Amino acid sequence: MEIGTKYRILSIDEEKEVQYYLKRMFVRDGYKFYTAQDAKGGLEQLANNCPDLVLFDVIMPDMDGIELIRRLRSLSDCPLIVVSSRKKERDKVSALDAGADDYVTKPFGQGELMARVRSALRYRKRYGAQDMYQKDSLKVDFEKRIVLLNGQQIHLTPVEYRIMEYLARNSGKMITYQMLLEKIWGPYASENNKILRVNMTNIRRKIGDNPARPKYIVTEAGVGYRMAESSDTP
């Protein structure tokens, strides 16, 4: 994937002028761009749009900046870049220790910020998780964000795909209902897992997985789901 093309960027910043400036920069270069003006909105956008990288200020109207970093990191392994007017060394150290990948101070140069974003995305692609999950005739292509069965693309809703991707990236591991609810719908998701069961039923129907004799997704009653481990050869 060419840097910029179809990558999703989330910006969390209460300064609307900064959001407008950033949006022009990123959309012009071929990125998809999402915004939020506070921490709660940012966490919801993270769950809804699964961005490839998050830019955010540590000065938030509704949450401590360090707590926001911890929340973002608990929900995603995507690069986190702080863009803030706080310039003291202790602020930078605290943010990086909490889980941020980089720290840029305001006012920032457009060229430098874009270069840092491209670098973070390249690093993740090179050293990050595997590009594909495969089990027999089922494939989940994480880069293209598609699911294939016997070589044919399966049309999943955005939520269904995010569930499949999360299970596939953690194949062989037990993922509890609550872990999935928080990962897909955010930390404010209801503990009622009915919506999760409905989506899982649809996913299984589309990939032809019989819950009574599962080939791909095993249900541990009252606990959660486990995706069959990926084949050795993709």
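**Exercises on a predicted model**

In this predicted model, the axes of helix α7 (residues 177–185) and helix α8 (residues 194–207) cross at roughly 85° and come within 10 Å.

**Exercise 1.** State how α7 and α8 are oriented to each other, and which residues meet.

Solution. 
- Two packed helices are described by the angle between their axes and the distance between the axes.
- Angles of 65 to 115 degrees count as roughly perpendicular, and the angle here is roughly 85°.
- α7 and α8 are therefore roughly perpendicular to each other.
- From α7, Y177, L180, L181 and W185 meet I195, L196 and N199 of α8.
- By class, this contact of α7 with α8 has six nonpolar residues, one polar residue and no charged residues.

**Exercise 2.** Compare the reach of helix α6 (residues 158–169) with its expected span, then say how many of its residues are buried.

Solution. 
- α6 has 12 residues, and from its first C-alpha to its last it reaches 16 Å.
- At 1.5 Å a residue, 16 Å is expected, and the reach of α6 is close to that.
- Buried means under 20% relative accessible area; nine of the 12 residues of α6 are buried, leaving the helix mostly covered.
- The buried residues of α6 include E160, R162 and E165, as well as I163, M164 and L167.

Note on methods:
Residues numbered from 1 in each chain as written. Predicted model: local features only at pLDDT ≥ 70, side-chain atom pairs only at ≥ 80, totals over all residues. Heavy atoms only, no water. Axes fitted to C-alpha atoms, helices over the stretch in contact; angles between N-to-C directions. Helix = DSSP H or I, 4+ residues; strand = E, 2+ residues; numbered from the N terminus. Parallel < 35°, antiparallel > 145°, perpendicular 65-115°, else oblique. Contact = heavy atoms within 4.5 Å. Nonpolar A, V, L, I, M, F, W, Y, C, P; charged D, E, K, R; others polar. Expected span 1.5 Å × (residues − 1). Buried < 20%, exposed > 50% of the residue type's maximum accessible area, 1.4 Å probe, protein only.
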